[in-house]
Amino acid sequence: ARQLEQERERARRLAEAEASTQEQLDALHREKRELQKQLAAAQVDVLGQTQQVEAERGRLTGEMSSLMEKVQSAEAAAAQQAAERAASQKAREEMEQELAKRERAVEELRQAHAAAE
């Protein structure tokens, strides 16, 4: 009878341990499902953020390209203006030299006219 009682007690403890183990297993399965849900949500969030970053990168690349075109255009305009200024300066110098020649010729004519009188 005592051995039977010990067997019953051992069977009861085993049943309690099995029930406790099953409860822990169920809790772990619930935790696993919750973590899988969180992982899926995080993956969706990361995908959304990645798409936003890609869109922003595309926008910034477009802006940079536009700015580079404007810089090149401004540089070309500045070079054109510098060339025009140089040509204008050269023309002015040539006109000043021509004017000086004419003034000398007029002065020579005056002196010749004065000598003739």
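**Reading a helix and its salt bridges**

Me: Glu107 has a relative accessible area of 36% and is partly exposed; which cut-offs separate buried, partly exposed and exposed?

Reply: Buried means under 20% relative accessible area, exposed means over 50%, and partly exposed lies in between, with a 1.4 Å probe and protein chains only. This is a predicted model, in which local features need pLDDT of at least 70 and side-chain atom pairs count only at pLDDT 80 or more, whereas totals for chains, interfaces and linings use all residues. Residues are numbered from 1 along each chain as its sequence is written, and side-chain values use heavy atoms, with hydrogens and water left out.

Me: In which helix is Met95 found, and how far is Met95 from Arg2 in space?

Reply: Helices are DSSP runs of H or I with at least four residues, numbered from the N terminus. Met95 belongs to helix 1, which covers residues 2-116, and Met95 counts as exposed because its relative accessibility is 60%. Between Met95 and Arg2 there are 135 Å from C-alpha to C-alpha, for a separation of 93 residues in sequence.

Me: What makes a pair of side chains a salt bridge, and how many salt bridges does the rule give here?

Reply: The general idea is that side chains of opposite charge can pair when their charged atoms come close. The rule asks for a side-chain nitrogen of Lys or Arg within 4 Å of a carboxyl oxygen of Asp or Glu, and by this rule the count comes to 8 salt bridges.

Me: Which residue forms a salt bridge with Arg110, and where do the two partners lie?

Reply: Arg110 pairs with Glu107, and their closest N and O atoms are 3.4 Å apart. Both partners lie in helix 1, 3 residues apart, which is about one turn of the helix. Arg110 counts as exposed at 54% relative accessibility, while Glu107, at 36%, is partly exposed.

Me: How far apart are the closest N and O atoms of Arg57 and Glu54, and what is the N to O distance for Arg59 and Glu56?

Reply: For Arg57 and Glu54 the distance is 2.7 Å, and for the salt bridge of Arg59 with Glu56 it is 2.5 Å. Arg57 and Glu54 are separated by about one helical turn because they are 3 residues apart in helix 1, and about one helical turn also separates Arg59 from Glu56, 3 residues apart in helix 1. Arg57 is exposed at 52% relative accessibility, whereas Glu54 is partly exposed at 42%.

Me: Which residues are linked in a network of salt bridges?

Reply: Such a network links Glu9, Arg12 and Glu16.

Conventions: Helix = DSSP H or I, 4+ residues; strand = E, 2+ residues; numbered from the N terminus.
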